[in-house]
Amino acid sequence: MIYTVTYNPAIDYVVHVRQLQAGSTNRSDQEELYFGGKGINVSMVLNELGIDSKALGFVAGFTGAAIENEVRQRGIAADFIRLDEGCSRINIKIKSEMETELNAQGPVISESAQQKLLNQIETLQDGDTLVLAGSIPCSMPDDTYEKALSRLAGKQVQTIVDTAGSLLLHVLPYRPFLIKPNLQELAELFGVTLDSRAEIAHYAAKLQEQGAKNVLVSMAGSGALLLDEYGKIHFCPGCRGTVRNSVGAGDSMVAGFLAGFLERGDYSYALQLGSAAGGATAFSEGLAERKLIYRMLRQLQEYSAGGS
């Protein structure tokens, strides 16, 4: 079974405004609601690709109940820990000439609630997969991911980590199967500017030296680079299309990569399906649907084969 963990789920309230005027009353042209958070997004895209998973994490208040209800309505199993106080986040995203975001902090997560999640993680068995994705609430320590992976010591559980900064560095000694920094996150980890694939591969190798088995670096429209556990560098170009959405593309890439690897055990194909899923979400209003993902996959395969 695949388990995804979202420490800080959210409802994204997307408001479209023709011309935003600061300090004035603005009226929207269109609104949308999206329920998720990075781990939940991974579960939703896996579901589109026909792969079951169970969503774990914390929810609180009426917003948390709405998030959990949406996840279950999508046919995804969930075992969230319900907090006694606070509300899960509502993030406001205003789309006008430029995109403006206001991301909420989320509820305080008590030590007892944190312990409950660690106990859930400890029940995972050999052959399971754990996906840790996204940021953590400010009430949690920066060794949170490390504590989660420490509960799996001695087990054959495949782990995937999609986060940044110290959260990512702390898990590397636990040899995660896959980490997915984006280009900016990779550069910030080492305090450098990355201008070429060779430089990207060089610093990906440094993360491998610290423990990561496979390092997938997403580069938005410029494609993605994978340094696999055997030292081979794979590159996939970006999908072609009109970008409509900046939320969830990285999560979709993780889901697509995992689905592709489970299907064939081939890193090149996993990278292609991951890139297709990420591109399909970028070209959609919300998370990508199966039909578009496989259309993008065919596009990438034709490009790889020398087609147009």
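**Close-up views of a predicted model**

**View 1. Helix H6 meets helix H7.** H6 passes H7 in a left-handed crossing. Welcome to the first stop in this predicted model: here helix H6 (residues 183-190) and helix H7 (residues 197-209) pack at an angle of about 65°, and their axes lie 11 Å apart. Angles of 65 to 115 degrees count as roughly perpendicular, so H6 is roughly perpendicular to H7. On the H6 side, the contact is made by Leu183, Leu186, Leu189 and Phe190, while H7 brings Ile200, Tyr203, Ala204, Lys206 and Leu207. Sorted by class, the residues of this contact are 8 nonpolar, no polar and 1 charged.

**View 2. Helix H8 alongside helix H9.** Helix H8 (residues 249-264) and helix H9 (residues 267-282) have axes that come within 7 Å and cross at roughly 150°. With angles over 145 degrees counted as roughly antiparallel, that makes H8 roughly antiparallel to H9. H8 passes H9 in a right-handed crossing.

**View 3. An open sheet of 4 strands.** The strand order is E3-E2-E7-E8, and the pairing is mixed. Strand E3 (30-36) and strand E8 (99-102) stand at the edges with a single partner strand each, so one side of each has no neighbour in the sheet. On average, neighbouring strands here are turned by 20° against each other, direction ignored. Follow strand E7 (residues 89-95) to see it pair with E8 in the antiparallel sense over 4 bridges; Lys95 has Glu99 in E8 as its bridge partner. Helix H2 (residues 61-73) lies across E2 (10-16), E3 and E7, and runs at about 90° to E2.

**View 4. The hairpin of E13 and E14.** Strand E13 (residues 224-227) pairs with E14 in the antiparallel sense over 4 bridges. Within this pair, Leu226 stands opposite His234 in E14. The hairpin has 5 residues between the strands, and Gly231 takes a positive phi near 90°.

Definitions and conventions. Residues are numbered from 1 along each chain as its sequence is written. This is a predicted model: local features need pLDDT of at least 70, side-chain atom pairs count only at pLDDT 80 or more; totals for chains, interfaces and linings use all residues. Side-chain values use heavy atoms; hydrogens and water are left out. Two strands pair if DSSP finds at least two bridges between them. Helices (H or I, at least four residues) and strands (E, at least two) are DSSP runs, numbered from the N terminus. Axes are lines fitted to C-alpha atoms, for helices over the stretch in contact, and angles run from 0 to 180 degrees between N-to-C directions. Contact means heavy atoms within 4.5 Å. Angles under 35 degrees count as roughly parallel, over 145 as roughly antiparallel, 65 to 115 as roughly perpendicular and the rest as oblique. A crossing is left-handed if the near helix is turned anticlockwise from the far one by less than a right angle, and right-handed if clockwise. Ala, Val, Leu, Ile, Met, Phe, Trp, Tyr, Cys and Pro count as nonpolar, Asp, Glu, Lys and Arg as charged, and the others, Gly among them, as polar.
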